[in-house]
Every structure is written in C-alpha cells, then in structure tokens.
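Student: I would like to go through this structure with you. Shall we begin?
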Amino acid sequence: MKLINLIGFPHARLQEFLLEHRIEPYRAHQIFIWIYHYKVYDFDSMTNLSKALRALLGEHFHISLPRIQAKTTSQDGSVKYLFELEDGLTIESVWMPSDERKTLCVSTQVGCRLACAFCLTGTMGLKRNLTSSEILGQQIAVNEDLDEDNQVTNTVLMGMGEPLDNYDATVDAVRLMILPEALKLSSRRVTLSTAGQVDLIKKFQEEDLPVNLAISLNATDNKTRQDIMPINKKYPIEVLMECLRNYPLKPSRRLTFEYVMLGGINDRDEDARRLAKLLHGIPNKVNLIPFNKFAPSEFDPPDEEQVLSFQQYLLAKNYTVFIRRNRATDILGACGQLAAQPLSPAPA
Ligand code: SF4
C-alpha cells in the first residue's frame, strides 16, 4: 500500500480516517500540532498518542517535505529555492524579506498551460499539478531553512502555475496555511493569484476561505489581453470584471489587480483611462509591475516616466496604486520568470 504524505492532508480527512478506525477524532488535532507546531515528523516521537495509534499511522502515512536542491540569493536579499520533487521534477519558490514582512511566493504546478506571453513559466507548458503536500511543503521547508527571525509571515500563490487550475490541491493547501493547528497564518496574509478563470473564481468564493484574491489583469482591452494572455479568449475582460464585481468581499477587504507593464503594449495613457473605468465600483488596490526583461522575451520594460504618469492618473481617480519593483531580478526570481532551471548553489 502506498503511504500518504500527512503534510498537506486535510484535517477533516484525518478525522474521518480516525473515526473509521474507531479512534476519537480529536486525536487529529494532536497529530497536527506535533507535525506543524513541533515539527516532529516521526510517529514514534508523538508521545501523547497510544502505541497502537502510532503504529496505525505508520501503516498508512508518512511525513516528508520537498527537498531543497539549490538556493540562490539575490542582491536585494531575496532567496530563490529550487525544490526537487519525488519524481525528479523541479519547482521554485521565492522568499522576499522586507522589514518585518517575509513573503514567500509558492508554486502550484510544474509549468503552466496558460501560456501568458510575458511569462517564462508559460513557455514550459504544464508538466503536472503539484499535490497539496508539495504546495504546503515549500513553505515548511523554507521555514526550516531559515532562522526564527526570518520565518514566512505572508504567502502568495503566484509562483509557477495557475493556482485555480490545480483546484483541489490548492484549496487543501490554502486551508492548511490558515488553519490554527497547521501553519496558522492570518487569512489576510495569504494571497491567491489567478489569471482570471471565471468559473473557478465563482467556485472558490463558495469555499469559505477568506484569503486575498489577486487578479493578473495586465491589459484593458480584449485584443491586447488576448495577445498576451490566451485565457482571455475563454473569459473576456467584461466577463471577468462582472464576476469580480460580484465577488463577496469581507468588510475592509479589497481585490488586488496585478498589472505587468510592458513597454508600448499596455502602458499607454488610454490604458490608464480604461483601467480606471474597469475598476469602478470594485474595492481594489492596483500593483503596477514594470516588466523586467529576460533573455528570450520579445517584450521591453516600460518607460519609467510612463509608469509614473500611469500611476498618477489612477491616484488622481482615488485608486490605491503601488509600483511594485520586481524582486530577485538578477536571479530570474521575479514575477513570470520562474522556470525551475538548474542553479548553482548560493555561496554560504
Ligand atoms: S503568468 Fe501565471 S498563469 Fe500566466 S503562464 Fe505564467 S504562471 Fe501561468
């Protein structure tokens, strides 16, 4: 029998497993505390469980994390982790420190099928979905690699892959990120990003998972968006915005719109004007991300003055707009640059 990895295994399903074996379901709580809070990965060391239960767990489960194969440190202090999965495939996560906040960008797929034109991951195609163990395991493994002061405080599901395309595993992992018995992050500190899969956004809003939702918008007219994000053929801008207008937000929460600025493509004054109209009536904040050129890309970074004037226009319309300077650009760790290429280990 193939053993199941308990990292990433849903709490409710562990309770069901225990009930099936006539064991009190509250033991799931104790098992989770051992794993996620005390980082004990060996059933025999879980001393408040009976010997019989420890043996039962050992017959059905194991506990393991993805292996860090290499890490590269950027001049800005960010660290890109290359993980080797059990089948030999590799994925990447990027840890980005900024004052008190330590943000980890995690991957949800090996590659991605959505083929956004500005994204290196998109050139790989989809190799496979990650399991919930592999999604959650990135964060746990990175925390184990870092000292106490540098533990991850915020998680963004914006690495390799479209999270909603790997729906069940992503939802299981996100649930565990915010579960008090597991990683216990505040739901305000977890952000799921999507390229705009309208049907799956509607499904996700039924999950009772009040994490932040970020939409990778990147254009304000269907022609341009279709050229750079083929998903726009299935879900044109007006369909996407209608869905977002009806997205149930908790009080004081906002949707985040990510806007990668490509020189001469989507950074024009008319784009700023259209964006202001599109966002009207949606509680939001906008992240403008000036594109960072990488070797095979046909796109250019935007003109700095144009970025500032784009921002100014939206600010004048009372929107909250940040210019997000890409992190880890020197190590291909920036937005859309993750492709799990083999790396040389960082000097210690
Ligand atoms: S930007 Fe995101 S959705 Fe688009 S190809 Fe890259 S990983 Fe996939």
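Student: Which residue's side chain joins that of N212 in a polar contact?
Tutor: The side chain of R253 does, at 3.2 Å; a polar contact is a pair of N or O atoms within 3.5 Å, where, within protein, one must be able to donate a hydrogen and the other to accept it, and residues adjacent in sequence count only if both atoms are side-chain atoms. This is a predicted model, in which local features need pLDDT of at least 70, side-chain atom pairs count only at pLDDT 80 or more, and totals for chains, interfaces and linings use all residues. Residues are numbered from 1 along each chain as its sequence is written, and side-chain values use heavy atoms, with hydrogens and water left out.

Student: What lies 2.8 Å from a polar atom of the N212 side chain?
Tutor: The backbone oxygen of R188.

Student: Is N212 buried or exposed?
Tutor: N212 is buried, its relative accessible area being 14%; buried means under 20% with a 1.4 Å probe, protein chains only.

Student: Where is N212 found?
Tutor: N212 is in strand β11, strands being DSSP runs of E with at least two residues, numbered from the N terminus.

Student: How does β11 (residues 212-216) run relative to β12 (residues 255-261)?
Tutor: They run parallel and are joined by 3 bridges. S216 has E258 as its bridge partner in β12.

Student: Changing topic, how many strands form the open sheet?
Tutor: There are 10, in the order β3-β4-β5-β6-β9-β10-β11-β12-β13-β14, with mixed pairing; two strands pair if DSSP finds at least two bridges between them.

Student: Which strands stand at the edges?
Tutor: β3 (67-73) and β14 (321-323) do; each has a single partner strand, so one side of each lacks a neighbour in the sheet.

How values were computed
Helix = DSSP H or I, 4+ residues; strand = E, 2+ residues; numbered from the N terminus. Buried < 20%, exposed > 50% of the residue type's maximum accessible area, 1.4 Å probe, protein only.
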